[in-house]
Amino acid sequence: MNNASEYIVNFARGTRSLLVGMRATLRVFFRAKTTERYPENRATLTMFDRFRGELVMLHDEQNYHRCTACGICEMNCPNGTLRVTSEWVVDEAGKKKKSLVEYQYDLGSCLFCQLCVRTCAQQALGFLPTFEHAVFTRGKLIHKLNREGSSLAPKPVAESHTV
Amino acid sequence: MFDFSVITRWVDQLLRGVMPDAAATVVECVIIGLCLLLGYSVIALALIYAERKVCAWFQCRLGPNRVGPLGLLQSVADMVKMLIKEIIEIRHVDRFLFGLAPYIVIVASVGAFACLPFARGLQVLDFNVGIFFLVAVSSIGVVGILLAGWASNNKYSLIGAMRSGAQMISYELSIGLSILTMVVLSGTLQITELVEGQADGWLLFKGHVPAAIAFVIYLVAGTAETNRGPFDLPEADSELTAGYHTEYSGMHFGFFYLAEYLNLFIVAGVATTLFLGGWMPLHVPGWEGFNEVMDYIPSIFWFFGKAGVMIFVIMWFKWTFPRLRIDQLLRLEWKYLLPVNLLNLLLMVIVVVYKLHF
Amino acid sequence: MIGIDKIIARFPGTRVEEGAALPTLVAPPGEYRALAGFLRDDEGARFDYLACMTGVDGGEWLGVVLLLESTTSGERVYLQTGTTDRERPLLPTVSDLWETANLNEREVYDYFGIRFAGHPDTRRLFLRNDWVGYPLRKDYDADALVNPVRLESDETPDDTRSWREDGGEEAHALFDDEEYVVNIGPQHPATHGVLRFRVALEGEIVKKVDVHCGYIHRGIEKMCESLTYPQMLPMTDRLDYLAAHQHRHALCLCVEEALQMEVPERVKYIRTIMDELNRLSSHLLFWSTLCMDLGALTAFFYGFRDREKVLDIMEETTGGRLIQHYNVIGGVTDDIHPNLARRVKEFIKYLPPMLKEYDEVFTGNVIARERMTGVGVLSRADAISYGVTGPSGRASGWACDVRKRRPYGVYDKVDFKEIVHEEGDSFHRYLTRVEEITESLRILEQLVDNVPPGEFAVKTKPVIKLPEGRYFKSVEGSRGEFGVYIESRGEKTPYRLKFRSTSFPLVSVVPLLARGSKIADLIAIGGTLDYIVPDVDR
């Protein structure tokens with residue numbers, strides 16, 4: 001007898017739990033949907049400021065950057081993502097100085113660990129919150145970060161920096 | 001109410017007028033076959049779209065919305081993709097059986113599909129043991145699934161097919177018994193008569209308690225018959241990747257896919273026919289005005305409307321419940337559904353004998 | 001308290017080296033096994049938990065360092081042994097004393113070529129069978145020509161070897177020809193990554209499970225030996241990516257402890273808040289994927305819907321979603337975002353109704369309960385022996401929460417309950433995690449308004465060199481104790497670094513739990529153990 005009542009109680013309890021579940025899903029059925037409609041919402045879609053999308057070199061309006069080509073970022077990068085090409089130039093005072101030729105960055109192997117940005121003594125680097133990075137070939141992931149015709153800023157660096 | 005037999009009779013007479021009887025019959029068979037297959041695929045496409053939308057809505061998503069307005073052309077695009085995909089030849093398979101299996105599955109479901117009464121006068125197969133024929137034909141499908149699993153020469157497929165065999169055979173019992181319960185109530189096996197008999201009230205209401213029990217059992221067993229969640233063990237994706245159709249590609253897979261959705265429709269259609277009055281409109285005794293308005297709605301809408309509701313309920317099951325384990329699945333059938341079903345049949349007999357129904 | 005004198009008296013060959021934090025018992029190979037057995041069984045010692053097993057190439061010797069812990073007293077000790085035979089190193093096994101040593105000794109064999117006499121199954125664990133050399137030895141030839149990228153597939157042998165104490169070799173079969181062996185993985189929807197089980201079936205019943213790891217092995221421990229400490233921080237995030245912040249926390253703590261650096265109170269608060277957010281996101285993901293494994297696909301989306309909110313909170317402050325890169329040695333990269341407190345409070349209000357929804361859809365569901373109750377029962381003794389920590393261990397009745405045992409961050413200042421269940425089955429593993437979500441919310445509630453003012457990082461030297469010694473620090477990751485073992489020789493790179501993986505013991509326990517259950521149960525067991533494969537393979 002005990003078994004029989006247990007059988008019925010279990011059956012009823014089980015059925016009830018199923019109905020409760022169905023009620024819960026039905027409620028969601030009529031609720032507003034949570035997904036975003038990308039790319040339709042592109043105009044309103046903003047990432048958080050601190051989001052790290054890609055590494056950039058900061059340039060100001062006069063096309064000056066602050067990279068002295070010291071190579072600390074390249075040394076610190078755990079993944080060999082950065083390649084700094086520099087040359088020795090002689091300045092007006094006759095001193096030999098390192099000058100940046102090309103700053104190469106491989107987005108495909110970047111870990112976004114920020115070591116380059118954090119260790120840069122000149123604060124020449126920064127991250128942009130962009131996120132649409134899909135390309136068709138790996139070669140396109142290799143970016144040249146110093147802009148065409150840019151040069152090292154003369155000593156007092158301009159305050160405002162755009163990228 | 002509009003009777004579709006007017007159209008069919010007119011076509012029949014037209015054909016017989018221009019050609020001998022035998023030729024007319026052949027031509028009619030071809031036309032009917034084409035119409036059936038067309039209806040079959042259109043319904044399958046509609047159901048695939050509906051499933052994806054319903055599932056998305058349950059899951060806080062929007063579902064397909066890229067191809068066509070509201071994503072309406074999504075399943076058409078999918079069909080085109082499936083048609084032009086390569087059917088990959090697999091080494092070490094039994095090629096004949098491997099190729100045969102999807103056709104058996106599709107033939108079984110087309111056969112069952114042909115038995116459904118879509119509207120007044122719109123039914124292909126109708127004879128005195130119609131419902132019996134429907135049950136018999138639809139259970140051929142399991143042979144196809146077993147063959148697919150066996151011929152694939154894949155361990156996942158084989159396990160899936162074995163599960164499917166055990167499951168189908170068990171749940172066939174419940175389906176058969178719950179249908180039998182309703183046959184006892186209506187007193188006929190012929191599908192048109194079954195529907196006609198519900199003009200004054202659907203069997204679900206006429207048979208009250210035993211009919212309601214049979215209805216619930218039929219829904220559960222029907223879901224299991226179609227291998228849908230929570231009874232989708234034969235293709236349990238998290239256990240057997242895709243079960244019996246793991247190795248199939250292109251349109252061979254497409255056949256399984258179509259048959260799955262059509263079986264869903266057939267289960268819903270049979271539930272409609274047996275319990276919800278088929279294409280009969282909803283009549284409430286005493287409400288004459290209401291009944292008249294209801295009569296204006298064509299019978300085909302009634303059938304598809306009711307079937308649609310049933311399909312939604314079955315989808316609702318799938319998108320709510322976790323999957324059962326094989327022993328639990330069998331326990332549910334043999335320990336719960338079957339005894340309840342047998343008692344219910346007895347109850348129905350008592351109800352009918354003592355005229356306790358409405 | 002272990003009597004060091006007693007040990008010296010009984011094991012005359014054993015020396016004791018006092019370390020910065022813990023003493024090391026250095027045993028000769030002849031005494032190693034007996035000493036290990038003594039440490040495990042002696043009334044005064046009871047080191048029943050093998051927390052971490054590390055192979056070390058000491059230069060002229062090859063050996064292992066075991067970190068033993070007593071679950072009763074919480075005491076820890078290192079046990080070290082080694083052999084000078086670099087050609088055919090052979091050490092006695094301890095895999096019969098601690099089950100977790102089984103796979104760990106295979107790992108040591110794989111990395112160092114040390115064979116363990118009496119170990120039942122000496123095969124490579126992560127690397128291919130045709131790999132030349134033992135990569136973590138200091139004399140390893142890393143030339144790409146020695147181990148080129150091989151394009152042919154690696155045959156999986158059906159037999160294995162073991163060694164006797166006299167150096168003799170025996171082969172034995174893993175699977176008979178008669179057995180119906182099915183591969184679950186490496187490409188399988190329910191293994192949560194590229195993990196491979198070879199499963200011997202009898203119908204639906206699982207007879208035997210053989211775990212194959214290494215499909216996502218990246219050699220992070222080897223890489224770390226040539227990286228500076230700040231450089232190796234991003235590596236920790238790529239072990240258990242769902243507990244990225246917590247794992248990084250462990251490495252930071254370990255380095256800070258070695259440097260005897262005191263971090264500001266604010267940093268501790270921030271790290272604790274982020275740890276708990278990370279735990280929330282991980283447990284929500286666990287819930288979702290478990291539901292999916294058991295076939296409830298809709299529930300999967302509910303979990304992800306809510307996890308998204310946690311990720312947003314973390315992203316606003318740290319700039320990362322899955323992998324945050326937030327902890328650094330001496331602090332964190334940025335101060336917390338001004339919106340953090342508000343958003344966290346909103347989330348604390350938002351989640352409980354959703355948890356109720358979870359209960360309705362899944363926890364209470366009769367099918368879900370039937371699928372999990374009584375499935376894969378892990379006893380407390382087995383949990384300790386296999387080193388199964390975290391929610392899985394706690395579901396078996398082992399109160400192993402590092403946050404309580406060895407508080408770090410500000411866990412000693414917050415009030416929260418350590419969820420412990422006795423049953424040890426899949427359902428209680430599940431329940432433990434669901435209840436921990438509520439506890440995490442409680443912790444956040446207590447912390448988020450009380451972050452003290454101060455610096456968010458202390459200045460560190462440009463080049464960090466750890467003083468000579470061995471250091472171990474563990475945190476409570478989302479799925480168990482995650483430890484970092486560093487052996488430093490005073491360089492700017494570690495001499496040997498080992499991550500005590502949280503998921504490794506979880507995977508090692510699968511064969512025990514799945515034996516005799518059904519295929520569907522194997523999925524439920526895997527789902528509730530909640531292992532993360534990159535953390536297994538490292």
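How many residues of chain C are in contact with chain B, and how many of chain B with chain C? The legends below start there. This is a predicted model, in which local features need pLDDT of at least 70, side-chain atom pairs count only at pLDDT 80 or more, and totals for chains, interfaces and linings use all residues. Residues are numbered from 1 along each chain as its sequence is written, with chains lettered from A and ligands numbered from 1 in the order in which they are written.

**View 1. Chain C against chain B.** The contact joins 25 residues of chain C to 21 residues of chain B. Contact requires C-beta atoms, placed from the backbone, within 7 Å. On the chain C side, helix 7 (265-293), helix 8 (297-318), helix 10 (366-372) and helix 17 (519-529) each supply at least two residues. Helices (H or I, at least four residues) and strands (E, at least two) are DSSP runs, numbered from the N terminus. This side of chain C has 15 nonpolar, 4 polar and 6 charged residues. Nonpolar covers Ala, Val, Leu, Ile, Met, Phe, Trp, Tyr, Cys and Pro; charged covers Asp, Glu, Lys and Arg; the others, Gly among them, are polar.

**View 2. Chain C against chain A.** Here 21 residues of chain C are in contact with 19 residues of chain A. Helix 5 (229-237), helix 8 and helix 9 (340-363) of chain C each give two or more residues to the side that touches chain A. Helix 8 of chain C gives the most, with 5 residues. The division on this side of chain C is 6 nonpolar, 9 polar and 6 charged.

**View 3. The largest nonpolar core.** Such a core is a set of buried Ala, Val, Leu, Ile, Met, Phe, Trp, Tyr and Cys residues joined through C-beta atoms within 7 Å. Buried means 20 or more other C-beta atoms within 10 Å of the residue's own, exposed 12 or fewer, and partly exposed in between, with C-beta atoms placed from the backbone. The largest core holds 268 residues, and Leu262(B), Phe265(B) and Leu79(C) touch the most other members. Helix 12 (residues 250-275) of chain B contributes the largest share, 15 residues. Not counting residues up to four places away in sequence, Leu262(B) touches Tyr40(B), Ile43(B), Ala44(B), Ser109(B) and Phe113(B).

View 4. Strands pair if DSSP finds at least two bridges between them. Strand 11 (residues 196-202) and strand 12 of chain C pair over 7 bridges. Phe197(C) has Val211(C) as its bridge partner, and Glu202(C) stands opposite Ile205(C). The hairpin of these strands has 2 residues between them, and Gly203(C) takes a positive phi near 65 degrees.

**View 5. Strands 1 and 5 of chain A.** Strand 1 (residues 54-57) and strand 5 of chain A pair in the antiparallel sense over 4 bridges. Glu54(A) has Leu128(A) as its bridge partner.

**View 6. Backbone exceptions in loops.** Most residues other than glycine have a negative phi, and most peptide bonds are trans. The bond from Tyr38(A) to Pro39(A) is cis, with omega near 5 degrees. Pro39(A) lies in the loop between helix 1 (2-29) and strand 1 of chain A. Leu70(B) has a positive phi of about 60 degrees. Its loop runs between helix 2 (21-58) and helix 3 (74-84) of chain B. Leu70(B) counts as partly exposed because 14 C-beta neighbours lie inside 10 Å. His92(B) has a positive phi near 65 degrees and lies in the loop between helix 3 and helix 4 (95-114) of chain B. With 8 other C-beta atoms within 10 Å, His92(B) is exposed.

How values were computed. Contact = placed C-beta atoms within 7 Å.
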